[in-house]
Amino acid sequence: MNLRIEDYALIGDLQTAALVGANGSIDWLCLPRFDSASCFAALLGNEENGHWTIAPKGAGACTRRGYVGESLVLESVWETRTGTVKVIDFMPQRDTSPDVIRIVEGVSGSVEMSGTLRLRFDYGSVVPWMRRANGHRVAIAGPDSVWLRSEPEVKTWGQQFSTRSSFTVGAGEKVAFVLTWHPSHEERPTLIDPYEALECSLDDWHEWSRSCATNGRYREAIVRSLITLKALTYGPTGGIVAAPTTSLPEEIGGVRNWDYRYCWLRDSTLTLGALLLAGYKEEAGRWRDWLLRAVAGDPADLQIMYGLSGERRLPETELTWLSGYAGSAPVRTGNEAVEQLQLDVYGEVIDSLFVAREAGLPAEKHAWNLQLSLLGFLESKWREPDEGLWEVRGPRRHFVHSKVMAWVAADRAVRTLETYPTLRGDADRWRAMRDEVHEEVCEKGYDPVRNTFTQSYGSVDLDAAVLLIPRVGFLPPDDPRVIGTVDAVRAELGTGGLVRRYSTAGVSVDGLPGNEGAFLACSFWLVDALRMTGRAKEARELFEQLLALRNDVGLLAEEYDPVSGRQVGNFPQAFSHIGLVTSALALAGEDPAG
């Protein structure tokens, strides 16, 4: 039986990440990168698809757990009939090969521990050959090799294609397990000291967290979200994955299951803004640099997402041998939406580079020429329909948000040329485009009867993305059309006080069966819209409601189902945590108490 999505915690090494259940089981881990095939896939199937459990014999969920200070080092505590024990889980930032370290420490009394390591390479489909070598258990299958050792050595044996262990810890006693992956054709990596690695990991995370530029009432939530965003960053390139998982369902038992282990352009401006507001200029600069490399080339080839290093081919495949989380099939890898036309991403990229320039990030000589190239292409394409921000798999439409972001692209070009008149460009040309887009959106994307902007031209449906209209400056917050839009979105897309992206009732715009939960990023957008339209009390109340949805270690998935009271969708979700940071910093800035 699957754990709830919110029963998992995250550990990682800035190149990949694992999900650790409250029952002591690591049920998801891809090695060596976020987008590699998994060696533990019980999350999307069952125990036979791979997991690594360490817990008191016969125990269920831990008594309590949490991260050690402002770090990504997880500590889970079990209080049993015979004593208390804790398991410390972490992945040290790697020199060469990835390591997962699990330290079992007796706190009081005496506790009998049980361990099961069931490695299944290639998303739970390949059983490796196991052997003993130099005090290690060694697993090999094709390109993958994993070495497991313990300090001190404990009794292990093979059983039903898994490695079992049994040992007892008393107060003050420790047993450290180290699992190391490396390419099977290479020599075993240099051994690391698990206790030294623990101290280094804690020091690294605490030093990084001290750079956060806020100490107000929401610091804990802000820092935890920033640590999560840092953990979702692929260190070698600076790209930030949307989530470390694939195919966690937007509806339990449904088919809305997608691979989020890639980097989305739609997140770029909000990500950059959140990092800069929080004081992380270096991370913001690395994200900007990743963006410039990823989108380089013909503007007509701009994609909505890229791989960790800017890869463009992300073919979608269904893994039929996995039953899916709680029976939610299919399980997918890759993402077919990469082929879609989404005109909003041109505005996102240009806005991101505008924000970077305004924040004083070191200028890249070719960045302005790239923006002119993107804008020149958008000038000829913005009147066309597209698939929109939400990657709908139905017919193309004239999505209002896409048109608004075309306005943003032209507006940022005009503002840049007004501030830096020596730059090459025709401000009058982009000003004319800006005015034309604005006029068309206000005429075709606005419903005067209901006083709201709609999802697309000629549609009566709404879209939470129009909540961004005042944030991007398309209209001022006190414009009656903005206030009417905020009220309409709350009324028509609201669910349990939160907000859905769009309606999935009847014939859905996305062309998919089933429903989905409230979209947490959109709910944070509503917080911002309420604050900007002068309803600070309502904004803070909604923000506090959203904070209460975090799990016990401060993590959020993509969505929340108010009916079942469960988090749904890929986990943890960068977009949700970006929204949290942005809203929290804005609310803290308006509160004299911080």
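The model is a predicted one. By the rules applied here, the structure counts 17 aromatic pairs and 0 disulfides.

**Strands and sheets**

- Strands of a sheet pair through backbone hydrogen bonds, in either a parallel or an antiparallel way.
- Strand 10 (residues 129-133) and strand 11 (residues 136-141) are antiparallel partners, with 5 bridges between them.
- Within this pairing, arginine 132 sits opposite arginine 137 of strand 11.
- The hairpin made by strand 10 and strand 11 has 2 residues between the strands, and asparagine 134 has a positive phi near 55° there.
- An open sheet is built from 3 strands in the order 26-27-28, with antiparallel pairing.
- Strand 26 (518-519) and strand 28 (566-568) each have a single partner strand, so one side of each has no neighbour in the sheet.
- Strand 26 is joined to strand 27 (residues 559-561) by 2 bridges, and alanine 518 stands opposite tyrosine 560 in strand 27.

**Helix 9**

- Helix 9 (residues 427-444) contains 18 residues and spans 26 Å from its first C-alpha to its last, close to the 26 Å expected at 1.5 Å a residue.
- Aspartate 426 caps the N-terminal end of helix 9, with a side-chain oxygen 3.2 Å from the backbone nitrogen of aspartate 428.
- The buried residues of helix 9 include Trp430, Met433, Val437 and Val441, and also Arg434 and Glu440.
- Among the elements that cover these buried residues are helix 7 (367-381), helix 8 (400-419) and helix 11 (480-493).

**Cysteines**

- A disulfide is a covalent bond between the sulfur atoms of two cysteines.
- The count of disulfides in this model is 0. Cysteine 39 is in none, and the nearest cysteine sulfur, that of cysteine 30, lies 7.8 Å away.
- Cysteine 39 is buried at 2% relative accessibility, and cysteine 62 is buried with a relative accessible area of 12%.

**Aromatic rings**

- The count of aromatic pairs is 17. One of them, tryptophan 208 with tyrosine 280, is stacked, at 4.2 Å centre to centre and 20° between the planes.
- Tryptophan 208 lies in helix 2 (residues 194-209) and tyrosine 280 in the loop between helix 4 (268-277) and helix 5 (281-295), so the pair ties together parts 72 residues apart in sequence.
- Tryptophan 208 is buried at 12% relative accessibility, and tyrosine 280 is buried at 3%.
- Tyrosine 260 and tryptophan 264 form a tilted pair, with 5.2 Å between centres and 55° between the planes.
- Tyrosine 260 is buried at 4% relative accessibility, and tryptophan 264 is buried at 2%.
- Trp390, Phe519, Trp525 and Phe575 are linked into a cluster by ring pairs.

Key. Residues are numbered from 1 along each chain as its sequence is written. This is a predicted model: local features need pLDDT of at least 70, side-chain atom pairs count only at pLDDT 80 or more; totals for chains, interfaces and linings use all residues. Side-chain values use heavy atoms; hydrogens and water are left out. Two strands pair if DSSP finds at least two bridges between them. Helices (H or I, at least four residues) and strands (E, at least two) are DSSP runs, numbered from the N terminus. A disulfide is a pair of cysteine sulfur atoms within 2.5 Å. Buried means under 20% relative accessible area, exposed over 50%, partly exposed in between (1.4 Å probe, protein chains only). The expected span of a helix is 1.5 Å times one less than its number of residues. Contact means heavy atoms within 4.5 Å. A polar contact is a pair of N or O atoms within 3.5 Å; within protein, one must be able to donate a hydrogen and the other to accept it, and residues adjacent in sequence count only if both atoms are side-chain atoms. Rings of Phe, Tyr and Trp (its six-membered ring) pair if their centres lie within 6.5 Å; planes under 30 degrees apart count as stacked, over 60 as edge-to-face and the rest as tilted.
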